[in-house]
Amino acid sequence: MPKPLIAGNWKMNGSRAALAEVDAIAAAAERANGVDVAICPPFTLIEPAVRKVEGTPVAIGGQDCHWAEKGAYTGWTSCAMLVEAGARLVIVGHSERRQYAHETDEEVRRKAEAAIAAGLTAIVCVGETEAERDAGEAEAVVARQLRGSLPTDGAERLVVAYEPVWAIGTGRTASCDDVAAIHAAIRRDLRAILGDAAGAQVRILYGGSVNAGNAAELLAVADVDGALVGGASLTAAAFVPIVEAAAAQG
Ligand code: PEP
């Protein structure tokens with residue numbers, strides 16, 4: 001079984017003062033054997049966050065990147081820039097970027113390829129909207145996103161996050177049965193796209209209103225190899241119990 005990863009996505013939240021939370025998260029991560037822990041703060045906090053976690057097992061990541069190495073792309077950040085700032089991973093294709101920045105599967109794939117080529121771990125997000133789930137299309141939507149968004153090389157630095165859009169930031173989570181069904185389908189798709197051995201190793205995270213109260217049961221579902229956590233990653237008090245729940249499964 002792949003080592004679980006608990007990754008926090010701070011979105012457009014946080015400040016230098018909030019980096020005190022990273023100290024407390026890093027202290028907890030040192031005690032959480034067998035779990036990888038990451039925090040993805042806004043770009044401006046990556047470098048100071050990296051300094052905070054030096055010598056600890058916590059990795060710092062970005063929330064987006066561009067596929068080009070450099071150039072006339074106002075407002076974007078390249079993977080090389082993330083690496084220079086000390087990031088070790090990057091989230092690509094988060095539903096908020098797919099929705100508000102109109103990112104396509106093709107763009108997400110190019111970002112993931114660039115991230116992996118730069119030595120970063122790419123967390124590729126997929127997930128259906130509520131209308132798509134109600135129409136019985138959840139599995140088909142996720143399969144289509146995977147086919148379009150996944151790089152076919154560098155599986156050792158690839159993570160997939162299944163995040164049903166309707167569960168993000170809403171306090172609603174998918175049922176364990178629904179999570180099990182989609183994660184099993186993702187595992188099958190990963191094996192088909194990447195080959196059997198590589199597809200078996202890629203971690204599949206669940207994301208969508210994960211918190212201290214529901215983490216243990218979600219992390220116990222087959223093929224759930226960790227969690228991508230938004231709101232509950234902003235404070236150590238909310239995030240550390242999720243890391244501990246992952247450690248307890250080991
Ligand atoms: C996310 O944005 O990736 C996320 C899962 O958010 P939340 O945990 O707040 O639902």
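So, helix H5, residues 105-117: at 1.5 Å a residue its 13 residues should span 18 Å, and the end C-alpha atoms are 18 Å apart, so the two agree. The expected span here is 1.5 Å times one less than the number of residues. Helices are DSSP runs of H or I with at least four residues, strands are E runs of at least two, and both are numbered from the N terminus.

Quick caveat: this is a predicted model, where local features need pLDDT of at least 70 and side-chain atom pairs count only at pLDDT 80 or more, while totals for chains, interfaces and linings use all residues. Residues are numbered from 1 along each chain as its sequence is written, and side-chain values use heavy atoms, with hydrogens and water left out.

Back to H5. Which of its residues are buried? Val108, Lys111, Ala112, Ala114, Ala115 and Ile116, where buried means under 20% relative accessible area with a 1.4 Å probe, protein chains only. Their cover includes helices H3 (79-85), H4 and H7 (138-149), along with strands E4 (89-92), E5 (121-126) and E6 (158-162). Contact here is heavy atoms within 4.5 Å. After H5 comes Gly119, with a positive phi near 95°.

Next, Val243, which sits in helix H11, residues 236-249. Why does Val243 count as buried? Because its relative accessibility is 3%. Leaving out residues up to four places away in sequence, Val243 touches Ile6, Ala32, Val35 and Val37. Gly93 is 150 residues from Val243 along the chain, and their C-alpha atoms are separated by 24 Å.

Technical notes
Buried < 20%, exposed > 50% of the residue type's maximum accessible area, 1.4 Å probe, protein only.
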